[in-house]
Each structure stands twice: as C-alpha cells, then as structure tokens.
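Here is a briefing on one protein chain. Look at the structure first, then follow the points below.

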Amino acid sequence: MGSMPGVRLQDHHHLKYTVSLTRVGQQVYSSVFSWGSTGTHASIKDALYSLPNYNSAKFRKDFNGAQREKINQGDPVATFDISLTYKLLQLLCGLKEAGDPAWLTPADTLEYFLYNIKSLRNEVAHDTLHLTAEEMLNKMEILKDLFVKTIRKAGEVFSVLPAQVNTLEKSITTQLDAIRDSPVPLSTVDEYNKEVLTSRKLRLMEEGGYESTQMYDNVCELSVAPWLVSGQRVNVEAVFTPPTLRREQTQIRQRQLSLEESHVAFTDILQVTECDGTEPHVTLVSALSGMGKSTLLKFLLNKVKTNGNTISNVDGFDLVLFLECRHSTFASVEDMAAFLLPRTAAAFHSPEFQKTLFALDFLLVVDDVDELDQTSFSVFLDFIRKVSPASRFLATVSREKANALKQKILSIHKNVLLLEIEGIPEDQIPVMLQRTLSCVSPSVQPEDINQLHDLIRSKRPFLQEHLKSPEILSLIALSWTLAKEQINASVTVTEVIMHVENLFKYKVVHKLMGSSGAGLCAQHAISSKLQTYLVALSGMALQSLVKGKYVLDAEDLEKLTEKCRSLELPDNYMMSAFFNHSTDSDGGLCLTPRVVPFPRILTLLYYAAWYAVQRLRVAPPSTRIRQFLKLQTPLPNESQMNNLRIMMKYLVGMLIVLAPKELHSRAREVVDLLKELGVKTTSQWLEYVEEAKEEQKLTQEIMKEIGDEWEVEEYAISLTLANLIRHRKPKRLVLTTLHNPANYCHLQEVLKSCGCTETTLSLHLYQHFWSEKNDVSDRFLETITTASPQCKLEHFAGRLTGPALLTLPSSLQRLALHITPSSLGALNEVLPSLTSLQMLYLNLDVPTSTPPSTVPPLNLQGRPIVLSVDLWRITEDSVQWCSDIARILTKHYTRLVLRRSELNKEGCSRWVEGLRLGGVTVDAIVLGSTRVLTPQDREHIHNLTIEIGCKDLKVMKV
C-alpha cells in the first residue's frame, strides 16, 4: 500500500483521520440536529425565518451563497457539510446564542463539544498533515471519545431515549474502528482528496468572504466633490443614481435593436446575455470619463454586502472579489490570486490557495481594467483562462479602449458582453441633485432642487450631453450652492470647471489666512503663493498625463513638499486640499504612500490644461504647444490620446476666456495637434468649435478639416451647428438621434438652417422609428419640406402620420418608417411619387386583433425596391395571423424580421411553412425569440427557410 506512486503511508494515515472526521463527524452533527430541532416547520428556511426578527439580510449574513442554495433547494440536513450544520445547530436547536462564550469555553457542555468537532474540521482544511501510525491511532481515539461525549451530552440535553443514544454510539464507534483497520484503495484516495478540497473551499469562502466584506467598507465610500468639500466622504448608497446602460452601439445597429431591446437594467447587469442567449464570461462596462463607471461598481459591491437580493444572480457566486487596477501590478497568476485576498492567501500555502480559489465559482469585479500595464494585463488574461467555468468577470473600461480590449479577451476564447453607460436619465436628474446636495447641505429644500434643475435645463443648449455626466452635474450643483450668479453665466464645460476651481482657490486662500492669523491685507500675498504652488502642481499634472500615470510618485511628492516649505505653505493641508489625502501631522509626507492619485481624472486634465495656458500667456510666439506636452514619436496609446484630446478641449476653452488673441494666433497649431491626437469626426471637431465659442480663426481652420460632408451625432446638434450650416453650407449633412429628438432643443434650428442651402440631408430619428408610441416626427419633416426647395432630403427614419406621409419629397432614396395599418393607405398613395426610392424599411406596428383582410398590400408596382419589414411579439397563437399579414403586404421581401417573438421550434416552423404556402419569398430572415432554440432547432428552421429562397438566417435570443 505504501508503494503506490505519489502516495505515502503517512498520507493514508491522514486520509483515515480525515474520512473519520468529515463523514462520521457529519453523521454525529446531523443526528444531534435531528434530536434538537423541533421539526414543526416544512423546511429549514421556514424554521430560520420563524426566528424573532430574522430576515433576508440576516440570512445572507449567516450563510454564504452555496449554503443558501442548499437551504433554498430543501436538501436534507444529512447531506450538509459540517460547517453548514454547525450554523444550523447554533440557530435552530435551542442552544446558547452563537456569540455566547459557552461555545469557546472548555467545559462539559454540548456547545463546546460541537465547537471542538468544528475546530478539528478546520484543521484538515489547512495543509495536509502527514501522520505516523501512532499519531493516527491517537487522533482516532481522541475523535471517538469526542463523538461519544457529544452523543451522550446531546441525548441528555434533548431528552433522547437511552436506547436511541446507545444505538447511535455503537454505530459511530463501529464505523470509526472499521475505517481505522481498513486498507485504503485508490478510490478512497480520490475521496480523500475531494474531501480535503471541499474543506479548503469552505474555509476560503468563510475567510475570504470576511476579508472581502471588510474591504468593501473603504471601497464603497466616495468623495462628494473633493474640490469643494475636502475629506467629505459618504457611502455610495447616499448619492448613487442608476445610470442608463445599453448594449454597444455596433450591436444596436447591426441587429437593429429597438430602444427597449438595447437598454439593460442595472439590477440585471450580472444576468444579461448576448442577443443570441450566449452567457458572457466577461462583461465590460464602458463610458466616457466622469460618467460613473467606478461609482457603479462601488454601488454593486455595497449591495453585495448589504442586500444582494437586489442584484440578479449575485447569490450564485461563492465569493465576490474586487480589483482596482489603476495602481495594481502583478507578475504572475499566483501573485494576482494573492493580491485579491492577501490576508486569506497568507494562511494557505500559495499553490493550495490558487488551486482552491480556482475551484470556487466567484465574481471578480474589476475597475479600470485598461489601466493595467502590459505584463499585468497578460497575467489577467491567463487568470481568466484558469478560473472555474462558472466564474465571471465584471470590468469597467474607458470608451475608447473598450473594443480593443474586447478583442483581446475574445482571442483567448472567452465570451465578452460590452455595455455602455449613457449617463443619468433625464427623469433621474432631480433625484441625483437631491442626493448630492443632501450630503453637504442637509437642509436643502425641494424648491432649491427645482431651481437648480431649471438652471441645468437652461444650460442644455450649451452643455448638451455633458449634462448626463454625474461628475459635471455634481460640480454644477455644489458650486451653485456657493455662487449662483457666477454658475448661471457659465456656457461651456470649461467655464463650469474654471468657476468651480476659482471657488476652490478662494476657499483655500481663506483657510490659509485663518490658519496663519493673517489679516485681509495678506490675502494678495497668499493668493500669489498659491498661484506659484499651482503652477508647480499643474506642471506635474501635465507630465503625469503625458506619461499616462494619473498619479504623483514619490519624487513628485518630495518636490511639492519642498515647494510648500519654500513658500511657507502647510504641506499637509495642501496635500489634503488638492488630493483629498490626509497624512500624519507629525510625519509629514515621509509617511505618504508610494504614489498619490489625483481625486479624479478630470482634476488632472484641468490642471494640465491650466499649466499649458499659463505658459502660453508668457511664452514667445515661437514656442509650440507640443513642447509643453513633450510628445514623442510614436504618439501615446489610445487611452492617453483620448485624455489629451479632453485636455485640449479645456485648453481651448480657457484660452478663449483668458487669452483669446493667443487662441487666434495659434488656431492652425491647435488643429494640427488635434489631428495628431486622433480627432477625425465632424462631431468631435464641433466640440472644439463650441468650447471656443465659435472663435473665427479656429473655426475656419477646423472647417478645412471637416470638409463639405458632415455626419453629426446627437450630442453635437447645437446652435453652433446651425450657425455653421448657414455660413458654411455643407454639401451633405447626416443627422442622427438615438433618443427622443425633443431633448435636442436646437434640432429644429439646425433643420431650418438647411433650408437656405443646397445641402443634401439625411435625418435619422431612431427612437421615433423603433419604439415611440405617442410622439410623431411630423414637425421635423414639415420644417424641411416648407423650407427652400434647394434642400434635398435623401434619407429619413422616423414615425409619421398619414397627412405627413403625403408630403414626403420625391428626392428620398431611403425611407424607414414606424407605421400602423391606418397609415399604410397614405404610404401607398405617396409611393408612386417617390421615384428615387431605393430602400423601404417598415417597423410594422400592427395589433394581432387586426384582421389581415383590412391591411392593404404595399403599392410597390414591381419596382426593384429593397424592402425590409419588422413584425413584433408574435406568439404561438398568432403564427398564422403573422404569415397572412406578410402574404398580404407583398410576395417578396429582401428582409423579414420577427422581433421579441415567443416562438419555439414548432412555432417558427409553422410560420415559415405559412409563408411558403402563401407564395412568399424572402432573401434574409431574422428570428428574435424569447425562447431558447438549440443548434439542432436552428438547423431545422434553416432547412425550411431555404424552401422560400432565404440565403441568410439569423436567430437571436432576446
């Protein structure tokens, strides 16, 4: 027996002890529980919830995810492990409360005997103990004695019949003797290894879960506007407002998802799948800077700790771990595993910790995954490869790096779902304002919130989509409480931030005056010192930005300390004020960490831009901006370039306020630098025109780059765009809105501007086309058609009434309509006049109660028009109705789509057969169903669609 490969005799001795403890010990536990529990409840869960003041929060606290699953499933106690049964013994058998010292105090009590068994079980969860024969015999005798004492004491405490106690005692001792004297076959070695791994998993779940929740206390706090309220930290629950989450834009367009289909509820973030039902291994959440990526993760972790039931599927994980990447590095998978749970990992031998962790089903929440350096990211990918199949990753990533990072994860054959944060929904802005202001002004009144909300709405023409950013909203709200008049006058993002910064500097000056005892006459001197300090700080910010660090390292901190001392400024206070970081009052900066991060990326970008502006104002004309940036070839990576582009926007905004002549003279230089930094699209260029308040020279230089064909996204539909159209008269203009066009107050002004030009216009109102049930697009079409006939409408997507359909111009080449049967007559009437029409896309809104005979066929007159039709929510009961509708409309479709149907394999087959019997042919079919269709089902449906001419079948799970 001792000669078996890889297994020593000492291992067999420990194996016998382990099996005795886990298998026989569990029988002792379950028998004691059966004697002590009342048995009057239908299930263990019912018994728990019958306890005084017991609720779901306590249930989550008492039991981990795997234990809760066993209890919820109603598994018998005999199948529970020692750890779970021990908790139930403490709660449901009338013994001392779990916190009572009786459980830990050596004495002749049932509580102490039960605790002793649990402690011995914990020992086998540590590294394997190699036992000699003598050690094994001694441990087995101790175990037998403990089991017998426990059984007898339980019989005494719970008044069990002596014969029943004697029977159990005899059974237990017989089993222990048989294990002690038995040979050890290989199958038992496997069982032993399984038992040891199970014990280690339970220990890791307990200790790792505790360490994680302790860490959440710090992670789940955030600063409320650190520029204004230094050190003001609150729990994320106090200020979090759920943002709008949507699928990535590429998916929305390729699959032509409706607004409803594209949005994802925050509470479903862990259960949302790809459109075809594929479960992701990794869910990436991308957003622009300041949109609340990190705050979203903090809120999720807080919910895991306090009430995980609000987040779907979170209970299915053994552990929920967190990794903040911005300042994290690791050289190996082993390092990364230990980095996640350092205290728990230290209690294990490293290989055993990694093996046990990878045997668990865990969720790893990762913030700023794109900030990992190249080595650490390679380790991260290797880590993903090695985890259990049911483990999942939820990670935030910057918008500009999301697609590249997604491709890297796909390259290791892991499914990736990419979601995007749009920002705070319009109807939730008052809620967000209320929560933000309440943190710093508990006496805030509803009328204050209403006034502030009115102010924000008044700024929408200027700030546009920036007003969806929690960061910008909080800056406006908090500065509004201090200086309403000044914030009212701010019309660009840069002006808002400049205003906030000025308020902050005013606060710091007065703090320094107070601490030094200086009078008002010293205010100018202190302001001058602060200005000198800020030049040094902002120069370091620019260096950090170019290097992609976003932190100050030890060398920078030392320089700042020296600068403070030379200026006679309190270095500890300056660190606290500008970095929201406190240091020991006696030790100064020598006790600060290796690096100190800027409170927000926006802080870094603002200071970097401010430094460049200060230098430009005194530099000779020959000095180039890129000299300050120290840009080298090759240029920085995409993440750094995006931050440099944002910084340049602030630079432009500051120059137009502080040094407009400097901006005028450097217009070409600014544009060339923006081109190098990757500014390409019309919408991107327009941001700089707006931030510069349409400064003439810069606008001229930017117009040279845009050319005469403009594609404008909704965030760039502004008064600036309307002015540019009137003066620049583009040859072609494409306007696209994904949301309610009523939110864009300058859209009508832009359309009117097109009326006095010969612009070829495309207008895509996608919310009206996909999902709008009340509003119509008539007013926007009317603005176009009543303007000068010089403007030519080429493409249109929206929702029109019958009378508006009759006004469609003959210049249309592509027409996409959300249409009801009542408007089909008007469409048929106008179709012959649309002589240039090449494509017709109908989102057909037809109730299933509509008799097919009342639906008129499309008046296409055999013209070679690409026809695509969408039909919605077809059920098993409406399959034939759907086939009849399709047959009546026309006999041939370029593309036919079922959206959100409830059809299984049989329903889909009946639908296709109905089309075939009706003589309908289709080039391409998209089947969207809420039902799961297996690969075999899809193959069967594919074979049927071939008979109606289909060359392209796509099946989506929705």
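A contact means heavy atoms within 4.5 Å. Residues 24 or more positions apart account for 74% of the contacts in the protein chain with a separation of 6 or more. The model is predicted: local features need pLDDT of at least 70, side-chain atom pairs count only at pLDDT 80 or more, and totals for chains, interfaces and linings use all residues. Residues are numbered from 1 along each chain as its sequence is written, and side-chain values use heavy atoms, with hydrogens and water left out.

**The whole chain**

- The protein chain holds 41 helices and 21 strands. Both are DSSP runs numbered from the N terminus: helices are H or I with at least four residues, and strands are E with at least two.
- Of the 958 residues in the protein chain, 56% are buried. Buried means under 20% relative accessible area, exposed means over 50%, and partly exposed lies in between (1.4 Å probe, protein chains only).

**The ten-stranded sheet**

- Ten strands make an open sheet, with parallel pairing, in the order S12-S13-S14-S15-S16-S17-S18-S19-S20-S21. Two strands pair if DSSP finds at least two bridges between them.
- The edges are strand S12 (709-713) and strand S21 (952-957), and each pairs on one side only.
- From one strand to the next, the twist averages 10°. Axes are lines fitted to C-alpha atoms, for helices over the stretch in contact, and angles run from 0 to 180 degrees between N-to-C directions.
- Strands S18 (residues 866-872) and S19 (residues 892-901) are joined by five bridges in the parallel sense. Here tryptophan 872 stands opposite arginine 899 in S19.
- Helix H39 (residues 879-889) packs on the sheet and touches strand S17 (839-844), S18 and S19. The direction of H39 makes about 155° with that of S19.
- Helix H41 (residues 935-946) lies across strand S20 (921-929) and S21. H41 runs at about 145° to S21.

**Helix H40**

- Helix H40 (residues 905-917) has 13 residues. From its first C-alpha to its last, H40 reaches 18 Å, close to the 18 Å expected at 1.5 Å a residue. The expected span is 1.5 Å times one less than the number of residues.
- Asparagine 904 caps the N-terminal end of H40, with a side-chain oxygen 3.1 Å from the backbone nitrogen of glutamate 906.
- The buried residues in H40 are Gly907, Cys908, Ser909, Trp911, Val912, Gly914 and Leu915. Their cover includes H39, S19, S20 and H41.
- Just after H40, glycine 919 takes a positive phi of about 75°.

**Nonpolar cores**

- A nonpolar core is a set of buried Ala, Val, Leu, Ile, Met, Phe, Trp, Tyr and Cys residues joined through side-chain atoms within 4.5 Å.
- The largest core has 208 residues, of which Tyr533, Phe578, Met647, Leu735 and Leu827 touch the most other members. Helix H26 (residues 601-618) gives the most to this core, with 13 residues.
- Another core, of 49 residues, lies apart from it, and includes Val28, Trp103, Val165 and Leu168.

- Lysine 118 sits in helix H6 (residues 110-124). Lysine 118 counts as buried because its relative accessibility is 11%.
- Leaving out residues up to four places away in sequence, lysine 118 touches Tyr29, Ile82, Ser83, Tyr86 and Glu206.
- Lysine 118 and glutamine 26 are 92 residues apart along the chain, yet their C-alpha atoms are separated by 9.9 Å.
- Arginine 392 is in strand S8 (residues 392-398). Its relative accessible area is 18%, so arginine 392 is buried.

**Positive phi in loops**

- Glutamate 568 lies in the loop between helix H24 (554-567) and helix H25 (571-579). Its phi is near 60°, a positive value in a residue other than glycine. With a relative accessible area of 65%, glutamate 568 is exposed.
- Lysine 693 lies in the loop between helix H31 (682-691) and helix H32 (696-706). Its phi is near 55°, again positive in a residue other than glycine. At 41% relative accessible area, lysine 693 is partly exposed.

Conventions: Polar contact = N/O pair within 3.5 Å; in protein donor to acceptor, adjacent residues only side chain to side chain.
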